[in-house]
Amino acid sequence: MKTLKYSRQREAIKNFLSCRSDHPTADIVYRNIKEDFPNISLGTVYRNLSLLADRGEILKLSCGDNADRFDARITPHYHFSCCECGMITDLELSDMEQINQLAASQFNGKIYGHSLYFYGVCETCAKKVQKTS
Ligand code: ZN
Ligand code: MN
């Protein structure tokens, strides 16, 4: 892989992400990075996030119609997306490899992996729904 010119901005973006476990959008990253880099644009932040994702240094998550979310945790794991409040949280499931094997048993090509997210209502939203009904 081509080595990339060091960028303080990109490093700051990566550092910011590694302190967060809530999978922020580009907009949230932008608003925080702007405090240290007042002249940075949302476009630049988005470009850097995409670049980091392409290089496998962060994950870019697309869950439904929501804006892309970013994650500094790059070890394979699943996500849950709340249909009410839009929160995205890690969902710990073992045996991600089993799904690949299951798919491979139905398919003559080669399975490299899968991309999957769960959706529903989070615990907080589920409690609210109970109260109002
Ligand atoms: Zn929720
Ligand atoms: Mn995650």
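In this predicted model, the axes of helix α2 and helix α3 (residues 42-54) cross at roughly 115 degrees and come within 9 Å of each other. Helices here are DSSP runs of H or I with at least four residues, strands are runs of E with at least two, and both are numbered from the N terminus. The axes are lines fitted to C-alpha atoms, for helices over the stretch in contact, and the angles, from 0 to 180 degrees, are taken between N-to-C directions. The crossing of α2 and α3 is right-handed, a term used when the near helix is turned clockwise from the far one by less than a right angle, with left-handed used for anticlockwise. On the α2 side the contact (heavy atoms within 4.5 Å) involves A26, D27, V29 and Y30, which meet L42, V45, Y46 and L49 of α3. Seven of these residues are nonpolar, one is charged and none is polar. Nonpolar covers Ala, Val, Leu, Ile, Met, Phe, Trp, Tyr, Cys and Pro, charged covers Asp, Glu, Lys and Arg, and polar covers the others, Gly among them.

With a relative accessibility of 38%, L42 counts as partly exposed, the class between buried (under 20% relative accessible area) and exposed (over 50%), computed with a 1.4 Å probe on protein chains only. The C-alpha atoms of L42 and R31 are 8.5 Å apart in space, while the two residues are 11 apart in sequence.

Helix α2 (residues 26-33) also packs against helix α1 (residues 8-18), at an angle of about 110 degrees and with the axes 10 Å apart. That angle makes α1 roughly perpendicular to α2, the description for 65 to 115 degrees; angles under 35 degrees are roughly parallel, those over 145 roughly antiparallel and the rest oblique. The crossing of α1 and α2 is right-handed. Their contact is formed by A12, I13, F16 and L17 from α1 together with I28, V29, N32 and I33 from α2. Of the residues in the contact of α1 with α2, seven are nonpolar, one is polar and none is charged.

The pairing of α1 with α3 brings their axes within 10 Å, at a crossing of roughly 70 degrees. The two helices are therefore roughly perpendicular to each other. Here Q9, R10, I13, K14 and L17 of α1 meet T44, V45, N48, L49, L51 and L52 of α3, a set with six nonpolar, three polar and two charged residues.

H77 is buried at 9% relative accessibility, and H79 is buried at 5%.

H23 lies in the loop between α1 and α2 and is buried, with a relative accessible area of 1%. Although not a glycine, H23 has a positive phi of about 55 degrees. D95, in the loop between β4 (88-91) and α4 (96-104), is likewise not a glycine and has a positive phi of about 65 degrees.

Residues are numbered from 1 along each chain as its sequence is written, with chains lettered from A and ligands numbered from 1 in the order in which they are written. Local features need pLDDT of at least 70 and side-chain atom pairs count only at pLDDT 80 or more, whereas totals for chains, interfaces and linings use all residues, and side-chain values use heavy atoms, without hydrogens and water.
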